[in-house]
Amino acid sequence: MGHKILLIMKLETSIFINGLVYFIRKLPLVRKMANRGHYGLFTLKEGLGVLAFLYQLIWSSLKGALLAVGALLLPGLFLDGLDAKSLTLVLFLYFLMRLLLPYLLELTQTKFILLKELKMDPREYALAYLVKKEGFKLVGRSIGFLFLTGSVFRSPLEALYLSGAATLMGFAAEALHLYLFRKRRFLLEDHNMVLIGLILIVMAGAYLLYFFLPGFDGGLVLKHPLFAATLFMMAIFCLRYIVRYDYYIEAMNHVTSYEKMNKLQNAMKEAMVADVKMRDKDFKEEDLLPVEGVEKEGFAYLNALFFKRHRRFFRKPILVKSILVATVFVGLFLLYLFVDPDLMNGMGPELSKNYTMMIFVMYMLTNSNRETKAMFYNCDLFMLRYGFYREPKALLSMFSLRLKRIVLGNLIPTGTLLFGLFLFTALSDRRDYGEILPLMAMVLTLSVFFSVHYLFMYYVFQPYTSSMEVKSPMFNIINGLVYLLSYLAIQIDAPAQWMLPVIILLSIFYVAVAVLFVYKKAPTTFRIK
C-alpha cells in the first residue's frame with residue numbers, strides 16, 4: 001500500500017509542479033531565461049517522493065488551519081456579547097457535513113489518470129487513496145484545532161480528540177456511500193441540486209444555532225461517552241466493510257467513466273463563459289436592426305452596435321450598482337428623518353476620518369473585469385482573426401471608443417455616490433464642504449483610475465485563450481495586488497489633508513502612463529493566445 005500511496009502523491013505533486021513551472025515561465029523576467037529543459041528538473045524519481053510528501057503535508061496543514069480559523073473562529077467576531085458554543089459548528093461542519101462528501105466516489109483528475117490511463121487496481125487505489133487522504137487531513141485538521149486551543153477548544157487533548165473523531169466519522173461516511181452504491185447504484189455526486197441543498201441545510205443549521213440559539217452546545221453530543229463509544233465501534237465496523245468491499249471495480253469504473261469526465265470538462269468550459277455568454281432571450285428583433293439615431297461609421301459604428309447588442313453585460317451591472325448606492329442613501333435619509341436628526345452632522349467628519357474606505361468602495365463599484373471578458377468572448381475573439389482588425393490604428397481606435405464607454409458607464413454609480421455625499425453635506429448644520437469636496441475629488445479620480453486599469457490590463461496582457469482560460473500570470477498577479485491594496489487601504493491611518501492629494505495625483509499619473517503604454521504596446525500584445 002505504501003508504494004501506491006507514494007505513486008498517488010507523486011502524480012498529484014507532478015501536476016502541481018507542472019502548473020507552477022508553466023506559471024513561472026510566463027513571467028516576463030523569467031521567460032527569457034527559461035527553456036523547456038526546466039521541466040525535466042522535476043522528473044527526477046529520487047527527489048519527487050520526498051517533495052510529494054512535503055507538498056502534501058504543508059498543503060494539508062495550511063488548508064486545515066485556514067478552514068478551522070474561517071469556520072470556527074471568525075464567526076465569533078460577529079457575536080455581540082453572546083456566549084455561543086463553537087463546538088456546535090464543529091458538530092455540523094466537521095461531522096454532519098462529512099456524511100455528504102465521499103472522497104472515494106468523487107471524480108478527480110488524478111483518479112481518472114491512475115484508473116483509466118495507468119490501469120491501477122481499483123481496490124488498491126481506493127484503500128491507498130483513503131489512507132492518504134484521511135491521514136493528511138487528520139494532520140492538517142489537528143494543527144488547525146491545536147491553533148484554536150483556548151479560543152474554541154478547552155485543551156490540546158480536546159482538540160486532538162475531536163480531530164481524531166472527525167477521521168472516524170470520515171470512515172463511516174465512506175462506508176455509507178459505498179453501501180448505497182452497492183445496493184442502489186446511488187451516487188450523491190450525480191444529483192448536484194440535492195447535494196447543494198443538503199450542504200446549504202447543514203451550513204444554515206450550524207450558523208443559525210450558533211447565532212440565534214447560543215445555548216445549544218454541540219459539545220455535549222461530541223464529548224458524551226456514549227457518542228465516543230458508538231463512533232469508535234462504528235468506525236471499526238466501517239473500516240472492515242471498506243477493506244472487504246467487493247464492488248470497487250464497478251464503483252470506480254462508474255465514477256471515472258469517460259462520459260462523466262467529458263461532462264465535467266464541458267461543465268468547466270461552460271462555467272468559464274457563463275457570465276459573458278449571450279443567451280437566446282438576450283437577443284431582440286430590434287437588435288438586428290441598424291443603430292438608429294447614430295451617425296457613425298467604421299469602428300465607431302461597430303462599437304456602438306456591440307454595446308447595443310450586449311447591453312446586458314454593461315448596463316445591468318451599472319444599474320444594479322447605482323440602485324444599491326441609492327438604496328443606502330435613501331435608508332440613511334429615512335434614519336435622518338425619523339430616527340436621528342443629528343445623523344448628517346456627524347457624517348462629514350466621519351467620512352473624512354475614514355476616507356480610505358472609499359478606495360475599496362470604488363474598487364467594487366467600478367470593477368470592469370467582467371466587461372473586458374465580455375468584449376473578448378463576444379467580439380475580439382472573432383474579429384482578431386481578420387488582419388484589418390489587428391492593425392495598430394484599428395486596435396487603438398477601438399481602445400479609445402471602449403475607454404470612453406467604460407468611463408462614462410462607471411460615472412453613473414459614481415455620480416450617484418457623489419450626489420448622495422453632497423446632498424447629505426448640504427442637509428447637515430455644518431455644511432462643511434471643505435471636508436467633503438476633496439473626498440469627492442478622490443472618488444471621481446478613482447472611478448477613472450479603475451476604469452482605465454482594467455481596460456489597460458486587457459489590451460496590454462490580453463490574458464484569454466480561445467477557450468477563455470487565463471494564461472497570463474501577470475494579469476492575475478497585478479489584479480490580485482490591486483484588490484489586496486484596495487482592501488488593505490482601509491487600514492491606512494494617515495491625515496486626509498495630505499493623503500487625499502497623494503492618492504489623486506498618483507491616480508492621475510497612473511491613468512496617463514497606462515493610456516500611453518497601451519498605445520505603445522497593444523499593437524504587439526493584443527492577440528489571440
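This is a predicted model: local features need pLDDT of at least 70, side-chain atom pairs count only at pLDDT 80 or more; totals for chains, interfaces and linings use all residues.
**Overall make-up**

The protein chain is built from 21 helices and 0 strands, and 44% of its 529 residues count as buried. Among the contacts in the protein chain with a separation of 6 or more, 81% are made by residues 24 or more positions apart. The chain exposes about 28800 Å², and carbon and sulfur atoms supply 68% of that area.

**Aromatic rings**

| Pair | Distance of ring centres | Angle of planes | Class |
|---|---|---|---|
| Phe306 and Phe307 | 5.6 Å | 90 degrees | edge-to-face |
| Tyr464 and Phe475 | 6.2 Å | 65 degrees | edge-to-face |

The Phe306 and Phe307 pair is called edge-to-face because its planes stand at 90 degrees, where the class asks for an angle over 60 degrees. Phe306 has a relative accessible area of 6% and is therefore buried, and Phe307, at 6% relative accessibility, likewise counts as buried. The Tyr464 and Phe475 pair, with planes at 65 degrees, is also edge-to-face. This second pair links distant parts of the chain, since Tyr464 lies in the loop between α19 (433-461) and α20 (473-488) while Phe475 belongs to helix α20, 11 residues apart. Both Tyr464 and Phe475 are buried.

Beyond these pairs, one aromatic cluster is formed by Phe360, Tyr363, Phe449, Phe450, Phe456, Tyr483, Tyr487, Tyr510 and Phe517. Ser486, a residue of helix α20, touches Phe360, Tyr363 and Phe450, and also Ile359, when residues up to four places away in sequence are not counted. With a relative accessibility of 4%, Ser486 counts as buried, because the limit for that class is under 20%.

Elsewhere, the charged end of Lys133 sits over the ring of Tyr103, 5.0 Å from its centre.

Helix α7 (residues 156-184) has 29 residues, and the distance from its first C-alpha to its last is 42 Å, close to the 42 Å expected at 1.5 Å a residue. The helix is followed by Arg185, whose phi is positive, near 55 degrees.

Helix α10 (residues 225-244) has 20 residues, which should span 28 Å at 1.5 Å a residue, and its end C-alpha atoms, 29 Å apart, agree with that expectation. Which residues of α10 are buried? They are Leu231, Ala235, Cys238, Tyr241 and Ile242. These residues cover an arc of only 130 degrees around the axis, which puts them on the same side of α10. In general, an α-helix has 3.6 residues a turn, so residues three or four places apart point the same way. The cover over the buried residues of α10 includes α4 (87-96), α6 (122-147), α7 and α11 (248-255). On the other side of α10, by contrast, Pro225, Leu226, Met233, Phe237 and Arg244 are exposed.

Conventions
Residues are numbered from 1 along each chain as its sequence is written. Side-chain values use heavy atoms; hydrogens and water are left out. Helices (H or I, at least four residues) and strands (E, at least two) are DSSP runs, numbered from the N terminus. Buried means under 20% relative accessible area, exposed over 50%, partly exposed in between (1.4 Å probe, protein chains only). Contact means heavy atoms within 4.5 Å. Accessible areas come from the Shrake-Rupley method with a 1.4 Å probe; for residues, only the protein chains shown count as cover. Rings of Phe, Tyr and Trp (its six-membered ring) pair if their centres lie within 6.5 Å; planes under 30 degrees apart count as stacked, over 60 as edge-to-face and the rest as tilted. A charge sits over a ring if NZ of Lys or CZ of Arg is within 6 Å of the ring centre and within 35 degrees of the ring normal. The expected span of a helix is 1.5 Å times one less than its number of residues. The arc is that of the directions from the helix axis to the C-beta atoms.
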